Structures are given as C-alpha cells and as structure tokens.
Protein chains: 2
Amino acid sequence: MSQQTTPDAQFMNQAIMLATENVLSGVGGPFGAVVVRDGNILATGTNEVTKSNDPTAHAEVVAIRNACRIIGSFKLDGCVIYTSCEPCPMCLAAIYWARCEAIFYGNSAAEAAKIGFDDQFFYEELSRSHTDRQLPIKQCMSQEAWVSFEAWEKSPLKIQY
Amino acid sequence: MSQQTTPDAQFMNQAIMLATENVLSGVGGPFGAVVVRDGNILATGTNEVTKSNDPTAHAEVVAIRNACRIIGSFKLDGCVIYTSCEPCPMCLAAIYWARCEAIFYGNSAAEAAKIGFDDQFFYEELSRSHTDRQLPIKQCMSQEAWVSFEAWEKSPLKIQY
C-alpha cells in the first residue's frame with residue numbers, strides 16, 4: 001500500500017484496490033476505475049467482461065456508464081478518471097467521447113501485454129493502414145450511406161453529442 | 001436505394017436504413033450496425049448516446065452487446081459486422097475485443113468529421129504520444145498497480161478473454 005496521501009494517490013489506490021478485489025472475488029480481469037468530480041468519487045467500475053458476457057464491459061467503460069447514469073448526462077465535463085491500467089483504445093476513446101478532463105493510470109498497456117492482454121496489439125493495429133491490419137476492414141456503399149448523414153444534417157430533432 | 005443484391009449489400013443496406021431511421025425517429029445519431037453470423041442477422045444496434053445518456057452507446061457497441069446477450073458469450077467468433085460508418089476507435093477496439101472476423105462500413109471517419117463528429121480527431125489523438133495529446137494522460141503508482149496483475153497471474157478463478 002502506498003504511503004502517498006495526495007488526492008490523486010488516494011483515488012488511484014481506490015482504482016487499484018477495485019482491480020485486485022475484482023480478481024480475488026472471481027468477477028473478472030484485474031482492472032478498476034474511478035470517476036472523480038470536484039474531489040469526490042462519482043462512480044466506480046471494474047472489468048465485467050466474463051461476468052456479464054459483454055466484451056465492452058471494461059472498468060473504464062463501466063465507470064463511465066455508471067457516472068453518466070448517476071448524473072443523468074452523456075457528458076462527464078469536469079471529471080477525472082483514475083484507472084488501474086492504461087486505457088485500451090476502446091476505453092481511451094470512450095473517455096474522449098465522455099469529455100473527461102484528465103486520465104491517471106497505473107499499469108501500462110505494455111505491462112498488460114505481459115500478462116496476456118491485447119491492449120498493446122490493438123494500439124498497433126489501429127495505427128496501421130486498413131490494408132495492413134490483421135482484421136479485414138472494407139468500405140462499401142458510401143454513396144448510399146451518405147443518405148443517413150444527410151438526414152442528420154437536415155434533422156430538426158438532433159441532439160449534438 | 002442500391003440495386004445490388006449480394007448478401008454484403010443487403011446487410012449494409014440494413015445498417016444504413018437503421019442509421020437513417022435512427023435520425024428520423026429522433027433516437028440519436030446517424031449510425032446503424034448489424035452483426036451477422038452464418039449469413040443471418042444475429043443482432044442490430046443504433047446510436048443511443050443521447051437517448052440512454054451513455055456516451056459508449058454507439059451503434060457497433062450496442063449491436064455487439066445485443067449479439068453477445070443473444071448468444072450468451074463475450075466472443076463473437078465467426079461474426080461479421082456491417083456498420084453504416086467507419087467505426088470510431090472505441091467501436092473498432094470493441095470489435096477487436098469481441099473477436100469479430102471482418103468489418104464492412106459505409107461512410108468514412110473523414111466524412112463523419114464533415115457533419116461534426118470527432119472520430120477522425122480521436123484517431124489522430126490516439127496516434128500521438130501521450131505528451132502530445134490534448135487530453136492529459138499520466139502514469140502514476142505503477143508499482144502499486146502491478147499487485148492487481150500479480151493477483152491475476154496467480155488466480156485459480158480467472159477466465160481468460
């Protein structure tokens with residue numbers, strides 16, 4: 001246990017404790033996250049992929065969903081996220097979409113790779129051109145697809161996010 | 001409407017129709033996705049960010065969650081995803097985590113940028129080193145965080161994903 005007593009250290013300790021407890025209790029992977037606003041914990045999350053049969057249920061995503069539910073908004077303006085491990089690309093982009101203000105993390109993606117997680121590999125895949133990726137990805141029917149974007153541009157009902 | 005009648009075109013048309021309908025009905029953004037296995041639609045999803053106050057509720061993520069719920073697994077082996085727009089980094093990594101086999105998309109991330117979505121910007125951010133990103137990200141307490149990884153390595157309860 002760290003002897004640091006700054007707020008950042010306290011929140012990070014909380015995220016790490018959640019991660020460790022998540023493993024010891026058999027719930028899921030060694031990942032925990034805490035969303036903080038105005039110096040208080042707004043919501044927490046742990047990895048629930050195998051428990052909930054949801055490959056998107058990473059600690060950060062779960063914490064963001066919980067925080068948004070609590071405040072009744074799809075934006076976490078003014079929030080900081082503390083996560084026991086560097087967010088994978090999915091979680092990192094989720095944090096961007098949620099408009100969090102800062103990220104603190106413990107273990108790195110490279111360290112996660114050492115215990116068998118694919119975060120680092122996914123970062124490498126995303127940095128490659130489409131044709132150089134292992135997972136085939138192909139554009140088609142872009143002309144037809146533009147119709148949905150046109151509908152959005154004209155829609156009087158749209159809520160920007 | 002396309003006159004193409006290949007299965008790929010039919011599934012893409014379905015994703016595009018979902019996207020357009022999502023806008024016209026006021027549910028959310030112009031995005032739809034279809035998860036296909038063995039030539040049949042397993043699940044669909046549309047963007048529900050503003051409807052459900054969940055910034056992670058993009059069409060692909062919603063479709064993946066729905067598909068996983070239906071088959072009772074956190075893996076979509078053998079599945080192909082058709083999405084009306086190029087997946088953002090969150091959705092792309094979600095597709096990787098779900099172990100889908102291929103991706104077809106309609107609009108590009110650059111086209112999404114033209115109607116005000118941040119997908120392209122997020123791809124650029126993720127490709128930058130931590131110190132060059134607009135969103136501050138900082139590692140701390142990596143030594144303490146490793147404890148959770150150590151617990152995972154020793155755990156007899158762990159389910160790999």
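Me: Two strands pair if DSSP finds at least two bridges between them. Which residue in β4(B) is the bridge partner of B:Tyr82?

Reply: The elements are DSSP runs numbered from the N terminus: helices are H or I with at least four residues, strands are E with at least two. This is a predicted model, in which local features need pLDDT of at least 70 and side-chain atom pairs count only at pLDDT 80 or more, while totals for chains, interfaces and linings use all residues. Residues are numbered from 1 along each chain as its sequence is written, chains are lettered from A and ligands numbered from 1 in the order in which they are written, and side-chain values use heavy atoms, with hydrogens and water left out. In β4(B), B:Tyr82 has B:Phe104 as its bridge partner. The pairing is parallel, with five bridges between strand β3 (residues 79–85) of chain B and β4(B).

Me: Which strand of chain A joins β4(B), and over how many bridges?

Reply: Strand β5 (residues 137–139) of chain A runs parallel to β4(B), with three bridges between them. Here B:Phe104 is the bridge partner of A:Lys138. Another parallel pairing of three bridges links strand β4 (residues 102–107) of chain A with strand β5 (residues 137–139) of chain B. In that pairing A:Phe104 stands opposite B:Lys138.

Me: How many of the residues of β4(B) are buried?

Reply: Relative accessible area (1.4 Å probe, protein chains only) sets the class: buried is under 20%, exposed over 50%, partly exposed in between. Six of the six residues of β4(B) are buried. Over chain A, 58% of the 161 residues are buried.

Me: What is the layout of chain A along its sequence?

Reply: Chain A has seven helices and five strands, in the order α-β-β-α-α-β-α-β-α-α-β-α. Its C-alpha atoms fill a box of roughly 60 × 40 × 25 Å along the principal axes. Contact means heavy atoms within 4.5 Å. Of the contacts in chain A between residues at least 6 apart in sequence, 45% join residues at least 24 apart.

Me: What area is buried between chain B and chain A?

Reply: The size of an interface is often given as the accessible area lost when the parts come together. The convention here is a 1.4 Å probe, with the loss summed over both parts. The value is about 7900 Å², and carbon and sulfur atoms give 70% of it. B:Tyr96, B:Trp97 and B:Tyr161 supply 10% of what chain B buries against chain A, more than any other three residues. The contact takes 89 residues from chain B and 89 from chain A.

Me: How many residue pairs are in polar contact between the chains?

Reply: A polar contact is a pair of N or O atoms within 3.5 Å; within protein, one must be able to donate a hydrogen and the other to accept it, and residues adjacent in sequence count only if both atoms are side-chain atoms. Between chain B and chain A the count is 28 residue pairs, both members at pLDDT 80 or more. On the side of chain B that touches chain A, helix α7 (residues 142–154) of chain B gives the most, with ten residues.

Me: Is B:Arg99 buried, exposed or partly exposed?

Reply: B:Arg99 is partly exposed because its relative accessible area is 23%. Its phi is near 65°, a positive value in a residue other than glycine.

Me: Where does A:Glu125 lie, and what does its side chain reach?

Reply: A:Glu125 is in helix α6 (residues 119–127) of chain A, and counts as buried because its relative accessible area is 0%. Its side chain reaches the backbone nitrogen of A:Gln134 at 2.9 Å, and forms a salt bridge with A:Arg128 (2.6 Å, N to O). A:Arg128 is partly exposed at 31%. Beyond its neighbours within four places in sequence, A:Glu125 has contacts that include A:Leu135 and B:Tyr96.

Definitions and conventions
Buried area is the accessible area (1.4 Å probe) that two parts lose on being put together, summed over both. A salt bridge is a side-chain nitrogen of Lys or Arg within 4 Å of a carboxyl oxygen of Asp or Glu.
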